[in-house]
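Open the model in your viewer and show it as a cartoon.

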Amino acid sequence: MPDTSDKDLRFMAAAERLARRGFGRVWPNPSVAALIVREDEGDILVGRGVTSRPGMAHAEVNALTQAGDRARGATCYVTLEPCSHYGRTPPCALALVEAGIKRVVVGMPDPNPRVAGRGVAMLREAGLEVIVGVREAAMQTLYRGFSLRQLRQRPQVFLKLARSKDGFIGRAGDGQVRISGPLSMRKVHGFRAEFDAILVGSGTALEDDPQLTCRLPGLAERSPVRVIIDRRARLPLGSKLVRTCADVPVWLICGNDADPGKIEDLAAAGVNVIRVPATVTGIEPAVILSALATRGITRLMVEGGARLATSFLKADLVDDICVVTGDIEIGSGGIPALHDLDLADVLKDPKFERVDAGTFGSDRFISLRRRGN
């Protein structure tokens with residue numbers, strides 16, 4: 001833990017809150033936030049910035065632009081180590097040096113092997129004072145998806161389950177059954193706005209004909225990429241997903257043995273079809289995650305159904321879980337929340353820790369996080 005002041009902790013906490021605003025919008029880049037503070041003027045904030053969309057300015061450059069000449073001699077608080085390499089934009093570390101920044105406070109080192117300490121070294125070699133690791137535990141949580149993609153070639157996986165009071169997610173033959181109340185539904189749509197992609201299985205896509213978009217007022221443009229696991233490429237051309245794929249991207253992951261004609265039709269309709277190796281029982285979760293990470297996804301929300309959720313839990317590839325229990329009972333014909341796992345056992349699994357619990361209106365929820373991740 002670096003020797004830091006209460007002021008450093010306070011400004012880094014503010015930068016963390018700002019960084020969260022970019023979730024779901026800037027992948028494959030991490031959502032970084034930077035604050036420019038003039039200590040000689042009573043710790044006045046003169047510039048702030050968040051990572052722009054890919055190919056555009058990073059957080060540090062946006063903050064420096066807002067600060068202008070007042071950046072000279074100031075302190076920059078940045079949630080992730082400034083980049084040191086030339087990509088689609090010049091190095092942010094170089095921009096801080098050229099702007100005359102005197103001191104840089106960094107939340108955590110960049111796990112990207114192309115950076116990994118080089119940004120800090122560039123700043124120190126230019127004579128800047130640099131402090132690294134302020135609120136680092138919080139930053140590691142913030143950047144789990146980015147770190148997992150860099151180090152393990154997979155995105156962070158968030159599993160959301162909604163079950164009835166008697167433990168079911170639907171009723172056989174009834175398609176989609178409304179389990180959650182309006183406050184829970186708003187929360188789920190808020191989750192969608194914070195993730196790069198949302199994943200469902202073919203059963204959910206075929207039986208429920210979902211939209212999988214964010215339908216909160218003013219946040220429609222924050223809808224994630226919609227990913228369907230459909231080994232045989234059976235998604236109908238008339239489904240809501242296909243009909244709206246020009247507005248919100250749809251990626252369909254199918255097996256290499258899927259019907260070429262169906263693949264061609266889906267591709268012609270605007271669906272991004274991704275062919276991967278498959279077995280007779282389906283497509284392995286590790287294969288799915290590798291395909292998504294290769295295409296830049298860092299944060300993935302898994303929303304249905306029971307078999308897909310079970311497969312990710314059995315593969316030990318779930319990082320976060322949120323279970324919402326509605327106030328209704330389904331009764332006879334109910335479909336269990338998981339295929340052949342007991343959800344009660346999952347919630348007691350010692351590799352997960354409870355991080356939150358409470359209510360959304362009349363619904364109850366519990367949130368878990370993988371320990372040490």
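Select S13 (320-325) and S16 (363-370). These two strands run antiparallel and are joined by six bridges. This is a predicted model. Zoom to Thr-325: its bridge partner in S16 is Arg-364.

Pick Asp-356 and look across to S16, where Ser-367 stands opposite. Then go to the turn of the hairpin. Two residues lie between S15 and S16, and Gly-361 has a positive phi near 65°.

Now colour S16 by burial. How many of its eight residues are buried? Six are, so the strand counts as mostly covered.

Stay with S16 and turn to the second largest pocket. Its volume is about 620 Å³. The lining has 22 residues; select Arg-20, Phe-158, Phe-191, Glu-194 and Arg-369, the closest to the pocket centre. Which element gives the largest share? S16 does, with four residues. Colour the lining by class: ten residues are nonpolar, four polar and eight charged.

Last stop: Ser-239. Find this residue in the loop between strand S9 (225-229) and helix H9 (240-243). Is Ser-239 buried or exposed? Its relative accessible area is 4%, so Ser-239 is buried, the cut-off being under 20%. Show the side chain: it reaches the backbone oxygen of Pro-236 at 2.9 Å.

Methods
Residues are numbered from 1 along each chain as its sequence is written. This is a predicted model: local features need pLDDT of at least 70, side-chain atom pairs count only at pLDDT 80 or more; totals for chains, interfaces and linings use all residues. Side-chain values use heavy atoms; hydrogens and water are left out. On a 1 Å grid over the protein atoms alone, a cavity is a set of points where a 1.4 Å probe fits but cannot get out, and a pocket is an open set with protein on both sides within 12 Å along at least five of seven lines; lining residues have an atom within 4 Å of a point. Grid points are joined across faces, edges and corners, and a volume is the space filled by probe spheres set on the points. Ala, Val, Leu, Ile, Met, Phe, Trp, Tyr, Cys and Pro count as nonpolar, Asp, Glu, Lys and Arg as charged, and the others, Gly among them, as polar. Buried means under 20% relative accessible area, exposed over 50%, partly exposed in between (1.4 Å probe, protein chains only). A polar contact is a pair of N or O atoms within 3.5 Å; within protein, one must be able to donate a hydrogen and the other to accept it, and residues adjacent in sequence count only if both atoms are side-chain atoms. Two strands pair if DSSP finds at least two bridges between them.
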